[in-house]
Number of protein chains: 2
Amino acid sequence: MLGEIIAIGDELTSGRIPNTTSGFAAHHLFEAGFDIYAMHTIGDTPSLIGEALKRALSRVDFVLVTGGLGPTDDDLTTMAVSEALERPTMPNLEILSLIRQHLDANSDQPVSSLEKLAWLPEGAETLNPKAKMAGFQLIHGGKPIFFLPGIPHQMRTLLIEEVLPRLTTWYKGKQLNSIQHVFKIFGLSESEINSRIKALSLNPDVEIGYYPVFPDVHLSMTVRDNDKEKIEQLARETSQQLKEALGTYLYGMGRESLAAVVGGMLRDGNKQFSVAESCTGGLISHLMTSIAGSSGYFLGGVTSYANSMKTEYLGVKKTSLTTHGAVSEEVAMEMVHGIRQTSGADISVSVTGIAGPGGGTEEKPVGTVFIAMGTEDNSSCHHFLFSGNRYEIQQLTAQTALDIVRRYLLKTEQNS
Amino acid sequence: MLGEIIAIGDELTSGRIPNTTSGFAAHHLFEAGFDIYAMHTIGDTPSLIGEALKRALSRVDFVLVTGGLGPTDDDLTTMAVSEALERPTMPNLEILSLIRQHLDANSDQPVSSLEKLAWLPEGAETLNPKAKMAGFQLIHGGKPIFFLPGIPHQMRTLLIEEVLPRLTTWYKGKQLNSIQHVFKIFGLSESEINSRIKALSLNPDVEIGYYPVFPDVHLSMTVRDNDKEKIEQLARETSQQLKEALGTYLYGMGRESLAAVVGGMLRDGNKQFSVAESCTGGLISHLMTSIAGSSGYFLGGVTSYANSMKTEYLGVKKTSLTTHGAVSEEVAMEMVHGIRQTSGADISVSVTGIAGPGGGTEEKPVGTVFIAMGTEDNSSCHHFLFSGNRYEIQQLTAQTALDIVRRYLLKTEQNS
C-alpha cells in the first residue's frame with residue numbers, strides 16, 4: 001500500500017520554517033507497514049495544491065495533506081481541494097456550533113476568521129470535532145485523503161489518534177509485513193561501519209541503510225515479506241550479526257538517545273550522577289534532564305562558564321587557572337573532583353574546552369577539550385581536538401562525555 | 001526564476017531522518033531572489049529519481065538534487081541520473097587522483113567504495129574537487145542541475161560557496177527584487193497577531209505570513225517588485241507599522257533567538273547574568289551559551305535537580321523545602337538569591353517546576369512553574385501553569401524566563 005504526503009505552505013517553500021511534519025508522518029506510516037512513494041512540499045497556491053493532489057490520487061492508494069487549514073487569510077488548502085475535486089464547501093454544523101460556543105467564552109476572538117474553519121468540501125468528515133483542531137477526511141475515487149493542520153503537535157496528535165487507525169482499518173491485510181531496526185552508533189565513521197558490515201556477507205533479502213546523524217551514525221536494517229515468521233527469524237539473526245560487528249560502538253536502538261541509554265544504566269546500577277560543565281554550557285545537563293524520570297539518577301550540575309564560578313562552586317584553585325589555564329587537564333580534574341564531592345554523586349564528569357569561534361590559541365586551538373570522569377575508585381582525564389563550528393564542538397563534546405560514562409558503566413556491569 | 005528541489009534517500013521517505021537540507025536550500029535560494037516551485041522527497045529508487053528530475057526539467061529553470069552521492073551501496077543518484085539523461089558515467093581523473101592520495105595516507109579505508117565517488121555522468125563538472133565532498137553540476141537542455149551530498153553540513157557548504165554564486169551568475173538580472181523581514185513574537189497567539197495586523201490596513205502589495213514556531217509565533221512580511229527603491233520604501237514603512245502593532249511582544253528579527261537578544265542587551269548594559277535551574281535542567285544555560293561571545297555576560301549557573309543540590313549550592317533552607325515544597329515561590333526566591341549572591345551577577349533568574357510526565361499533584365499539577373528574577377534593587381516571582389508535554393513545558397519555561405529578563409532590561413534601558 002503506497003501513499004504520498006503533500007505539505008503546503010509558503011513558509012516551507014521559502015525555507016522560513018523547516019518541514020518536520022512530513023518526516024514524522026512518513027516514519028509512523030512506514031512503521032505501520034505503508035510505503036511512501038514521494039513527499040512534496042508546495043506553496044499556498046491553489047492551482048499547485050490541486051495539481052499535486054490529483055497527480056497523487058492517480059498513482060498511489062492514499063494521500064496525506066498537511067497545512068493551510070488555519071483561520072488566517074493565507075490558508076488556502078480547503079478552497080483549493082474544493083475546486084480541484086469539484087466538491088463545493090459547505091458549513092459543518094457541529095464544528096460551527098463548537099466554534100460559536102468557544103467564541104461566547106472568549107469574546108475578544110475574531111469571529112469570522114475562526115468560522116472559516118467550519119467550511120469543508122462536500123463529503124468531508126471531520127477527524128475529531130472535539131479536539132479543537134482543523135483536520136478532515138475525504139474518500140475520493142475509493143481512496144482516502146487526510147487533511148491535517150500544519151502545526152506540528154496538532155498534526156502529530158491527529159496522525160496517531162485518527163489517521164493511522166483509520167488507514168489500517170481501510171487497508172486491512174493489504175500491507176506487507178515489515179521489521180525495521182535502527183542501530184545507533186557513536187565513534188565509527190560511515191565508511192568504517194560499511195567495511196565491517198560488508199565483511200558479514202548478510203542475507204541479500206536484508207536492506208541496510210547508513211545515515212550520518214551528527215554526531216552519530218545510524219544504521220537501519222529492514223526486512224519485508226508476506227511471511228511474518230520468516231522475517232522475524234531473519235531480523236533476529238541479522239541483528240545478532242550486526243551487534244557483534246559493531247561491538248561497543250553500538251550504544252542503542254531505535255529512538256533511544258545516548259542520554260537515555262546512560263540514564264537507564266545509572267538507574268539500573270543505582271548510581272547518582274552529576275556534571276560540571278564549561279564549554280558545553282549546560283548541554284549535558286539539558287540532555288540528561290530531557291529524559292522523563294531523570295530525577296531518579298541525575299543530581300544536577302554546575303555550569304561554570306566564568307572562572308569565578310569554577311573557584312566559587314567547584315573549588316578549582318586559582319593557581320591552577322593561572323598556571324595551566326581554564327582549559328587544561330588540571331582544571332578538568334579539579335572540576336570533577338569538586339562537583340563529585342559537593343554533590344555526593346557516585347559518578348561525575350567535567351568538561352572544559354574552547355567551543356569557538358573565538359578564544360583559540362596556537363597551543364590550544366578552537367576544539368581543544370578536556371573531559372574528566374571521577375568515581376569513588378578512580379578519576380581520569382581525556383584530551384580531544386574536535387573540529388567543527390561552535391554548535392558541532394558543543395554537541396560532540398557532550399556526546400563524548402556521555403559516551404565515556406556509558407563505557408565506564410558497561411565495564412562495571414561486566415565485572416559485577 | 002523558478003527552481004525545484006529533489007531530496008533523495010530511503011532514510012527520508014521512511015521518516016528515519018528528518019530532511020533539513022531542502023528547507024535550508026529553499027531559504028537561501030529565496031533570499032537570493034529565486035522561487036521554489038516545489039520540493040520533493042523520494043527514495044533511493046533509480047526510476048523515481050529519473051522521473052522526478054525529468055519532470056522538474058520540463059517546468060522550472062533549475063534543479064537542485066541532494067543525497068545519494070555517497071560511497072555506500074545504497075547511494076544510487078549518479079547512476080539514476082546517468083540513465084535518465086542518457087549520459088554514461090566516466091571517471092573524473094582529478095577526483096580519482098585525490099581519492100588515491102587520500103587512500104595512501106589512510107590505507108585502512110576501503111578503496112573500491114571510495115573510488116565510486118570519482119565516476120560522474122558525461123558533462124558533469126565537480127563543484128569543488130578540493131573540498132573532499134561529492135557534488136557536481138550538469139547543464140542539461142540549457143538548464144543548470146546541481147547535485148549535492150545529503151549530509152547537511154557538506155550540502156550547506158557547497159550550496160553557499162558554489163551553487164548560489166553559480167546560479168546568480170547564470171541567471172543574472174532575471175530575478176525579481178525582493179525584501180523579506182521575519183518578526184519574532186513571544187506571548188501572543190497567531191489569532192491575536194492576525195487581529196492586530198488586520199486593523200492596520202496594510203498596503204495590498206505586502207504579503208504577510210503567520211507561522212507558529214513553538215514557543216514563538218513568526219510573522220513574515222514580503223515585498224517583491226522590479227523597482228528596488230519602491231520595495232525598500234514599502235518595506236521600511238510596513239515594518240514600522242508592524243513594530244508598533246506588535247509592541248513589546250516583538251522580541252527580535254530574522255534569525256535572532258531570544259537568548260541572542262537578551263545576550264545583546266546584557267552586553268550593551270554591561271551586566272553579568274547567572275541562572276539557577278531545576279525543571280529546565282540546564283536548558284537556559286544551554287540556550288545562553290549557544291551564542292558565540294556569551295562568556296562576556298554569562299557567568300554560568302547551577303542545575304539543582306535534586307533537593308540536596310538546592311541546599312548545598314544555592315543555600316535553599318531545608319525548612320523551605322519541607323514546608324513549601326521544592327516547587328514553590330519561597331524556594332524559587334531562595335534559589336535566585338543564592339545564585340546571585342554567590343556568582344556575583346547583576347541579574348539572576350531561577351526556575352522550579354514540574355515538567356512531567358510524573359510528579360504532578362492536585363495542588364501542583366504538571367506544568368506548575370515558578371520563575372524568580374533577582375537584581376540588586378529588586379526581586380520578584382511569577383507563578384505559571386503551562387500545558388504541554390515535558391519537552392514543551394521545559395521550552396516554554398526557559399523562553400518565559402528569558403523573556404522576563406528581556407522585559408526587565410527593556411525597562412532599565414528606557415529609564416536610563
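Mentor: A definition to start with: two strands count as paired when DSSP finds at least two bridges between them. Keep in mind that this is a predicted model.

Trainee: In β11(A), which residue is the bridge partner of I185(A)?

Mentor: The bridge partner of I185(A) in β11(A) is V217(A). This bridge belongs to the pairing of strand β9 (residues 177-185) with strand β11 (residues 216-225) in chain A, which is antiparallel and has nine bridges.

Trainee: What order do the four strands of the open sheet in chain A take?

Mentor: The order is β10-β11-β9-β12, with antiparallel pairing. At the edges stand β10 (207-213) and β12 (250-253) of chain A; each has a single partner strand, so one side of each lacks a neighbour in the sheet. From one strand to the next the twist averages 25 degrees.

Trainee: Which strands does helix α9 of chain A lie across?

Mentor: Helix α9 (residues 228-246) of chain A lies across β9, β11 and β12 of chain A. Its direction is at about 10 degrees to β9(A).

Trainee: What domains does the assignment give for chain A?

Mentor: The domain assignment gives domain 1 (2-170), domain 2 (177-253) and domain 3 (258-415). The centres of domain 2 and domain 3 of chain A, taken over C-alpha atoms, are separated by 31 Å. Seven residues from domain 2 and ten residues from domain 3 of chain A take part in their contact. On the side of domain 2 that touches domain 3, the residues are four nonpolar, three polar and no charged.

Trainee: How should I read the relation between the two chains?

Mentor: In general, two copies of a chain are related by a rotation about an axis and a shift along it. Here, chain B is superposed on chain A by a rotation of 180 degrees with 0.0 Å of shift along its axis, at an RMSD of 0.1 Å. The two copies are thus related as by a two-fold rotation axis.

Trainee: Through which surface do the copies meet?

Mentor: Through the same surface, because 100% of the interface residues of chain B are also interface residues in chain A. The contact takes 74 residues from chain B and 74 residues from chain A. On the side of chain B that touches chain A, 31 residues are nonpolar, 36 are polar and seven are charged.

Trainee: In what sense do strand β14 of chain A and strand β14 of chain B pair?

Mentor: They pair in the antiparallel sense, over five bridges; the strand covers residues 298-304 in chain A and residues 298-304 in chain B. In this pairing V302(A) stands opposite V302(B) in β14(B).

Trainee: What distance separates the C-alpha atoms of E413(B) and D268(B)?

Mentor: These C-alpha atoms are separated by 9.7 Å, while E413(B) and D268(B) are 145 residues apart along the chain.

How values were computed
Residues numbered from 1 in each chain as written. Chains lettered and ligands numbered in written order. Predicted model: local features only at pLDDT ≥ 70, side-chain atom pairs only at ≥ 80, totals over all residues. Least-squares fit on C-alpha atoms with pLDDT ≥ 70 in both. Contact = placed C-beta atoms within 7 Å. Nonpolar A, V, L, I, M, F, W, Y, C, P; charged D, E, K, R; others polar. Helix = DSSP H or I, 4+ residues; strand = E, 2+ residues; numbered from the N terminus. Axes fitted to C-alpha atoms, helices over the stretch in contact; angles between N-to-C directions. Domains from an automatic or database assignment.
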